[in-house]
Amino acid sequence: MSTVDPNEIKREQTRVDHVIKKIKTQAAHTKELYEQAHSETRSVENNYSQNAKINTFEADDRIETNAEVQQQKGLVARAVENETILKRQVATYKQLQDSPYFGRIDIQDPGESEAEPLYIGTASFADEHENFLIYDWRAPISSIYYNGTLGKVAYQTPSGMMETELVKKRQFSIQHGQITNVFDTNETVGDEILQEVLGQQNDTYMANIVATIQKEQNDIIRDTTSDLLVVQGVAGSGKTSAILQRIAFLLYHSRQSLNVDEIVLFSPNRLYSRYISDVLPSLGERNMRQITLADFLSQRFQGLNVESNFDRYEKASHNSATQQRLIRFMESPQLMTAIETYVHNLKAEEIQFANVRFEDRIFFSAEEIHQIYAALPTTMAPADRFLKTKNTLIKRLKRRINQEADADWVHEQIDHLSNEAYNDLIGKRRLRAFESYDDEIHYLGRKLAAKHFRVIYDALYNNYFIDVYRQYGQFLKQVAIPADLTATTWEENQFTFQQAVEYHRLRLFDAAPLLLMRDLLTGSGQNRQIQYIFVDEMQDYSLAQMVYFKHAFPNAKFTLLGDSEQALFKNVESPQSLLERLKDAFAVRKANLITLNRSYRSTYPIMSLAKKLLPDGERIQAFNRTGSLPTVIVRDTFQAAIQVLKSCCQKQLQNYGTVAILTRNMAESQRIYKEIRRETGATLLSDTDLALPKGVLILPIYLAKGLEFDAVIAYNISATNYPDEQSTGILYTMASRAMHQLTLLSIGAASPLIHAAVADEHHLVKIE
Ligand SMILES: Nc1ncnc2c1ncn2[C@@H]1O[C@H](COP(=O)(O)OP(=O)(O)OP(=O)(O)O)[C@@H](O)[C@H]1O
């Protein structure tokens, strides 16, 4: 790393000025185009709505109008798209005007006498002669900036590997058009600029890291070949950042074949979804689809209240050994395999068909449904037999509707129809004459009968003629249980499942096997459109859930990221064993594992303490950023602790924008919120909050997953709250949320885990 000669900096600033001038000209021109496009869209839209209003009473007119309307619709769509592209371009130029680029590489191709400088920024920019003044960070040549050290380098292009020589690599910080920092480096991406970026205060929402992507992160971002990419990364190692830059990268590289709507990110909670929502737009891309596991499951189990990880965590702070063994089995891929085998071998008479009832009477009996199913060839897959059965039922329903169309009760209804209701029912047919009056009445009758039986149609459509809960109960009854579970435990397990369902509740660990069973039996539930699935905080998912995702998104490539040591909902597991289990469960052709051991978020003193909390924390490399020592404060009473909280918040707010008080659960958060909100102006955050304000925030640790704060106060890290190693993951996660300052506050003796961490190294903390 070397500093750059002042004259050279001047020359660079002149270039920055020149590029910005060009961008400004281009921006003004694009803005004009955008405004034109905007008024064009308005006029096409106006035109469209005029045309849509055209008299459609004459049959011939209708056909013509339809074609015209379709054409107008196309015009509107194109105008809107054009406008959106221009709007995005205007935004990109605005950003480039402020900071046009962050890197420069000088490359000398074989046979050339001079090196050519290339500048790298968040988007490409070319002048009027098509000279690239800035290269997009995702362009093939830009990979040299992230991967290469000076000397011979190779980079991937669409037409194969290219070789060149890297003779200079320069990093810039440019703010408001002024170079504030510049370094030459031989490293991949040197530490100086990174120091500067990481030392800054958190601005509540996540920012992109394209200027300082590190080599290992770059491997994650640019991996285009793996079907399963697993990233085990320590706290603050940039996993979430890598996901977002990877999505931007994939979109750039597969513009033609990949749409952002074909990417789904499973996020740990809704706050996180908001926290990361600015990154992709700052890179000129739209956000991917995001969903939490809880929302995904509620959508699939409409009408049932599915337990969430948070509920489970709030309910049982410590699981008994028996409970842990039960959970292990219920969340295992073996259970999912057992479901597959069970469904595969299921005999017709074992399928739990249910009566379809209508107005207190049985409309299709389970027996009738069973007979249809049983008559189908046994060689057919269960889902195919099921679909055929469903079709037969729908046909029978239609036949019945046809018969009822001429029934007296229907005729009576027709007689009492108002003119308006009559016209409504005739609907589109109004314009085509009926052969006879009887035809018209029969048509109306069918419509009325169909309306009458609509609930049955819906029940068939939604597969309510099979009772999957009873079927699942049957499955549990016969499945072979592991040796470490007793028959009594297993019976109790079946009973609690039944009981929960009676109360319209579903335990979290039943959700994945139940969904798999339902999908396999009914041939539903798969989404073949999705091309990429990302799962952040993968350690909070069971393998059974992962196996279900694999089934539900059969064409997707998976990127799973997490930190086995930030497990809040189960015991910490060694990264290697988690990775092995994942690989087995996914059984894909091309799996890639990447480990990130360098941590960027927290200062060196904070990370030094956090890693001591872990049994194998030594492998974590804390980024060398200075800061004050973490403080441990012990008080005897709740009131004394509240006083500490108030004074800490006031003090820390003078230096920092966000101070987060992290608690073990929601009840604790609420309790302290009541006590300190007046003096500190604190905000209590819950899972339904979608915004992250500045100031003092109070939240349970599970909502702080994936987030970071300038200062963190870990509230009540006492021996009572965190008595043994089951709490390791929680304390480690709490400590590693802090960027600049960490305070550990205990009421009564601190957790033995904290004592053990600093036992031989008292210099790691300051005791107050
Ligand atoms: N290459 C980088 N350049 C600049 N900042 C970085 C880089 N990598 C990570 N960071 C910063 O470090 C912090 C942690 O990153 P991120 O949240 O992506 O890590 P993580 O591995 O998902 O963390 P955790 O598992 O603890 O939630 C963020 O503020 C991020 O911007």
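Guide: Let's start with a word we'll need. A residue is buried if 20 or more other C-beta atoms lie within 10 Å of its own. One more thing before we look around: this model is predicted.

Visitor: What makes β18 an edge strand?

Guide: First, the sheet: it is open, has six strands in the order β11-β10-β16-β17-β9-β18, and its pairing is parallel. β18 (591-596) and β11 (289-292) each pair on one side only, and that makes them the edges. On average, neighbouring strands here are turned by 15 degrees against each other, direction ignored.

Visitor: How do you know that β9 and β18 are paired?

Guide: Pairing takes at least two bridges, and β9 and β18, which run parallel, are joined by six.

Visitor: What about β9 and β17, how many bridges do they have?

Guide: Five, again with the strands running parallel: β9 covers residues 228-233 and β17 covers residues 557-562. Val 230 is opposite Leu 560 in β17, and Gln 232 has Gly 562 as its bridge partner there.

Visitor: Why can we say that β9 is largely enclosed?

Guide: Six of its six residues are buried, so the rest of the structure largely encloses it. Both faces are covered: on one side Leu 228, Val 230 and Gln 232 are buried, and on the other Leu 229, Val 231 and Gly 233 are too.

Visitor: Which helix lies across β10 and β11?

Guide: That's α9 (residues 293-300), which runs at about 85 degrees to β11.

Visitor: How do you know that the length of helix α20 makes sense?

Guide: Do the check at 1.5 Å a residue: the 16 residues of α20 (residues 487-502) should span 22 Å. The C-alpha atoms at its ends are 23 Å apart, which agrees. Just after α20 comes His 504, with a positive phi of about 60 degrees.

Visitor: What describes the packing of α14 and α21?

Guide: Two packed helices are described by an angle between axes and a distance between axes. For α14 (residues 382-404) and α21 (residues 508-522), the angle is about 65 degrees and the axes are 5 Å apart. Pro 382, Ala 383 and Phe 386 in α14 meet Leu 520, Leu 521 and Thr 522 in α21. By class, this contact has five nonpolar, one polar and no charged residues.

Visitor: Which strands make up the sheet of seven?

Guide: The order is β23-β24-β22-β25-β26-β21-β27, in an open sheet with parallel pairing. Its edges are β23 (683-684) and β27 (766-767), since each pairs on one side only. Helix α26 (residues 666-680) packs on this sheet, touching β22, β23, β24 and β25 (709-715), and its direction makes about 165 degrees with that of β24. Helix α27 (residues 728-735) packs on the sheet too, touching β22, β25 and β26 (738-747), at about 145 degrees to the direction of β25.

Visitor: Last one: how many helices and strands does the chain have?

Guide: The chain comes to 28 helices and 27 strands. Of its 768 residues, 37% are buried.

Notes:
Residues are numbered from 1 along each chain as its sequence is written. This is a predicted model: local features need pLDDT of at least 70, side-chain atom pairs count only at pLDDT 80 or more; totals for chains, interfaces and linings use all residues. Helices (H or I, at least four residues) and strands (E, at least two) are DSSP runs, numbered from the N terminus. Axes are lines fitted to C-alpha atoms, for helices over the stretch in contact, and angles run from 0 to 180 degrees between N-to-C directions. Two residues are in contact if their C-beta atoms, placed from the backbone, lie within 7 Å. The expected span of a helix is 1.5 Å times one less than its number of residues. A residue is buried if 20 or more other C-beta atoms lie within 10 Å of its own, exposed if 12 or fewer, and partly exposed in between; C-beta atoms are placed from the backbone. Ala, Val, Leu, Ile, Met, Phe, Trp, Tyr, Cys and Pro count as nonpolar, Asp, Glu, Lys and Arg as charged, and the others, Gly among them, as polar.
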